[in-house]
Amino acid sequence: MKLSIILLVIYVASVACHVLDLTDENSNLVKSGEWFIRVYSPFCTWSQSMAEPWAELGKWAEGKHYNIAEIDLSAGYNFGNQLWVSKTPILLYVNNGVYKVFKGIIHSNQFRSKLETWKTFLEENLSERLEPLPWYTTPGSITMNLYSILRRKENLYLVLGIFTSTMIFIGVIRSTKSKNLVPIKNDGHKKLK
């Protein structure tokens, strides 16, 4: 059992060099060229099951015009925070800075079916069928930069402070307006409409 785990680790490490780990320092690379990116969390079971076939895809793409990359959302990179990801794993296809979400086999225990699906997607240019992400959800846009700032842990107290201050301000304005209301006279005989 231990030997098989050691061999698996050595195997994944040997082919993992074909997959680029995206960080804040190198995330600008996806602005040009053709990229297939795995967005993952190391704590997610499905993300873990994709590691080996993704490494194989990286090995297969070596020397081709496809760039295979991945980003760990738990690492806290600014680039990762700009991705509008609600669950992992997710696959993104990026061509010259235009982002598209891959719609195909991700959640499967079939190693070969995942790998072959991804190869077919790239070889047959099936990305043309996908709609690009709206401009406001693309990493680097003004909205996603703001989202990234608000999502950082160190800004949590700032965000909570701003939210609380805003709610207090709105409450004060409402209470001030309600004191300035003119009371409606009701003689008790007429019903208000």
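How many aromatic pairs does the count come to? The structure is a predicted model, in which local features need pLDDT of at least 70 and side-chain atom pairs count only at pLDDT 80 or more, while totals for chains, interfaces and linings use all residues. Residues are numbered from 1 along each chain as its sequence is written, and side-chain values use heavy atoms, with hydrogens and water left out.

The protein has six helices and five strands, taken as DSSP runs numbered from the N terminus (helices: H or I, at least four residues; strands: E, at least two). From the N terminus on, these elements follow the order α-β-β-α-β-α-β-β-α-α-α. Of the 193 residues, 35% count as buried, that is, under 20% relative accessible area with a 1.4 Å probe and protein chains only (exposed is over 50%, partly exposed in between). Contacts are defined by heavy atoms within 4.5 Å; among those between residues at least 6 apart in sequence, 71% join residues at least 24 apart.

The count of aromatic pairs comes to seven. Rings of Phe, Tyr and Trp (its six-membered ring) pair if their centres lie within 6.5 Å, and planes under 30 degrees apart count as stacked, over 60 as edge-to-face and the rest as tilted. The rings of F36 and F102 have centres 5.5 Å apart and planes at 70 degrees, so this pair is edge-to-face. Because F36 lies in strand 2 and F102 in the loop between strand 5 (98–101) and helix 4 (111–123), the pair ties together parts that are 66 residues apart in sequence. Both F36 and F102 are buried. The pair of Y93 and F121 is also edge-to-face, with ring centres 5.7 Å apart and planes at 85 degrees. Y93 belongs to strand 4 (residues 90–95) and F121 to helix 4, so parts 28 residues apart in sequence are tied together. Y93 is buried at 2% relative accessibility, and F121 is buried at 5%. Ring pairs link F36, W54, Y93, F102, W118 and F121 into a cluster.

V30 lies in the loop between strand 1 (20–21) and strand 2 (34–40). This residue counts as buried because its relative accessibility is 1%. Leaving aside neighbours within four places in sequence, V30 is in contact with residues including L22, W35, F79 and G97. The C-alpha atoms of V30 and G97 are 6.1 Å apart in space, although the two residues are 67 apart in sequence.
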